[in-house]
Amino acid sequence: MALDYRKCAEEIYSHLGGRDNIISAAHCATRLRLVIADNSKIDKEALENVEGVKGMFDSNGQLQLIIGTGTVNKVYDEFLAVTGMTAATKDEVKQAAASKMPLWKKILKTPGDVFVPILPAIVASGLMMGIVEAIPKFAPAFGQTDWFSFLDLVANTAFALLPVLVAISAARVFGGNIFLGAVIGLMMVHPALINAWTVGNYAAGEIPTWSIFFYPIQQVGYQGHVIPVLLAVLLMSTIEKWLHKHVPEMIDLFVTPLVTVVCTAYLTFTVIGPVFSVFENWVLAGAQALITIGFGFGAAVMGAIYPFTVVMGLHHMYNVIEAGMISSTGVNTWMPIATAANIAQFGACLAVALKCKSQKTKSVALPSSLSASLGITEPAIFGINFRFMKPFIAGMIGGAVGSLFASWMTGTDMNGNVVKFGATTYGVTGIPGIPAINNIPMYLLLMLISAGVAFVITWFIWNEDEPKKQTAPSAPAKAESKAPTASVIRCAAGELIQPTNGKVIAREAIPDATFADGILGDGVGIEPSEGIVYAPFDGEVTSVFDTKHAITLEKNGMEVLIHVGVNTVNMNGEGFEAFVKEGDTVKAGQKLLAFDSAKIKAAGYSDCVVVLLTNAEELEKVECGIK
Amino acid sequence: MKSFEYTITDPVGIHARPAGVLVKEVKGFAGSTVTIQKGEKSVNALKLMALMQMGIKQGDTVTVSVEGGDEEAVCTALESFFKANL
């Protein structure tokens, strides 16, 4: 009988203690996973009895309702419709459950959480902007065409209005309403404000100010800024959530958004903006002072910290420094440093792109590195390098080395005089900067050094799967310490790869009646030749027993029990080691458990590894045995 | 709904084998829904994985509830089953 999804979702919702009690909802292959604010408000008994709910339990701060493959997603969709919630990914649910993370970690994580969802926009724009702006440097006539002006408009949209994207994404991260977040972002780049990018064209006295505040506020937008937008939206989300709690429901709908927007706007322009612009001025002054420190040391430091300023969105202000240099000395010595830093991020990102095996990582890393070579590093930094951290550090080192080199070089100006190494324009770095530099061979060498250093360091210190790397050295360096690849169990929903090296035996031959009789499900036994259990598929760890001798996994509705030895529960974990924990996502062949066969045998038990599909009867076309 | 409380005496608790035996027993009562509850968590006794994931140990007290079918008879049968096996 087909389940009435809507009814099922409504019934579930009615037993959860109201909308406010549900923090987030997600689903996996079989379960609806909810994060509940107050577990005492929910009616567990009633929930269990809802038609369609096959079982429920509560773990890791999540309430998990077992609904079943193919059904859970439909119930989930209805559940979202019923509750008016927006879809949370499984990660978000985990995040909500793990909100006890230390503050400094949360702060470090925030820019990444905000930027990763908007990466497609940044990648598209970044790549296009790099290409479109590079063409006129080689073919100046193109710069005059309508095509150029059109493509330029398309390309820079996401960057010109970046605060809007950041604000929307930040509102999601901070738990505010995303549409109010969008309003805050739009407000900060409102056309009535002076564009932050052209504000340099105004003399100090020409910039209009508001005197409605305690002190004059310059009417300048926040184009190209990131931190003030993050702070404004954080403030907005905090105000909004507070108001939702305290404003009576009857007037909540119109009072809360109004008050939220007005308060946030006021504080953004009076406090966040001015404080930030002071901070920015310090950064600018600091950066300018830094690069004059002798023997290239200052330049090296700047080359190293440059990508950090990109993470914070501060690099958009460097145009001011560059423009100042050109007007005073005619040579923009900042540009080679920026190029060193940017091209180093390109090198690091390229190393990741070439080294990684994950198609997903590769597909982000490759275009991102291309974009970085054209001087647009955000995709590479946020999408790859900063996320994995090691490539980012490698990029910093590459940037430092390149900058040091740049500070020792000289160039020649139009009249043939020897001048400092630098560019004659500003706003370009990387490959598009070639026509603008006063010493092209050295510039090419500079890029080669920066990218090369970053590439080589990344190649050697970065590995795709860090935890795997940590456990690898402890494994005996025997020929067999590789995960097996033969398939041992197959069904309509997928297959299981042999999880342990050794001889595969029929279920009936397992030296224990419970397993052999199939009471616990269908599967095979393995007489192990090596004490390691590998993941049989890409899936999720649903539990690891306290005694570390058994683990359960799930994928696509297949519930799997891997039990090491017979009666080994009595060993209380002695001789066993677990590398994963409940809720972890694992890849086929990843190490799950290690066990000491000698100890198991010494304790008088069989070390036979039992692999069972515990819900075999619910699955179709189950077939056991090696193939 | 009928229910009873039981304190586990099996030294390994409701681990693989005991859980398997229990599920097999419960399957015999097709008309009833049997739920095992420990503290905040509760599971359908037909769900082997969920049952094992409860991590019920010796000395833990669980509540066994029966709903539907001949509640009285199933409850009595299960109670003696628990005493004999768990």
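Two residues are said to be in contact if their C-beta atoms, placed from the backbone, lie within 7 Å. This is a predicted model, in which local features need pLDDT of at least 70 and side-chain atom pairs count only at pLDDT 80 or more, while totals for chains, interfaces and linings use all residues. Residues are numbered from 1 along each chain as its sequence is written, and chains are lettered from A and ligands numbered from 1 in the order in which they are written.

**View 1. The side of chain A that touches chain B.** In this view, 24 residues of chain A are in contact with 20 residues of chain B. At least two residues each come from helix H2 (44-49), strand E3 (55-59), strand E14 (539-544), strand E15 (550-555) and strand E16 (558-564) of chain A, where helices (H or I, at least four residues) and strands (E, at least two) are DSSP runs, numbered from the N terminus. The most is given by E3(A), with four residues. Sorted by class, this side of chain A has eight nonpolar, ten polar and six charged residues; here Ala, Val, Leu, Ile, Met, Phe, Trp, Tyr, Cys and Pro count as nonpolar, Asp, Glu, Lys and Arg as charged, and the others, Gly among them, as polar. For the complex, the predictor gives an ipTM of 0.71 and a pTM of 0.48.

**View 2. The sheet of chain B and a helix across it.** From the N terminus on, the elements of chain B follow the order β-α-β-β-α-β-α, which comes to three helices and four strands. The four strands form an open antiparallel sheet in the order E1-E4-E2-E3, and two strands are counted as paired if DSSP finds at least two bridges between them. Strand E1 (2-7) and strand E3 (41-44) of chain B are the edge strands, each pairing on one side only. Strand E2 (residues 33-38) of chain B is joined to E3(B) by four bridges, and Ile36(B) stands opposite Val43(B) in E3(B). Helix H3 (residues 71-85) of chain B lies across E1, E2 and E4 of chain B and runs at about 150 degrees to E4(B), with axes taken as lines fitted to C-alpha atoms, for helices over the stretch in contact, and angles running from 0 to 180 degrees between N-to-C directions.

**View 3. Helix H16 and His246 of chain A.** A residue is buried if 20 or more other C-beta atoms lie within 10 Å of its own, exposed if 12 or fewer, and partly exposed in between, with C-beta atoms placed from the backbone. Because 17 of the 19 residues of H16(A) are buried, this helix is largely enclosed by the rest of the structure. His246(A), in helix H9 (residues 227-246) of chain A, counts as exposed because it has 9 C-beta neighbours inside 10 Å.

**View 4. Confidence along chain A.** Within chain A, confidence is highest in helix H8 (residues 178-188), at a mean of 93, and lowest in helix H18 (residues 466-471), at 41. Over residues 466-480 of chain A, pLDDT stays under 50, and the model has eleven contacts beyond four places in sequence for them. Where pLDDT is low, the predicted coordinates should not be read in detail.

Key: pLDDT = per-residue confidence, 0-100.
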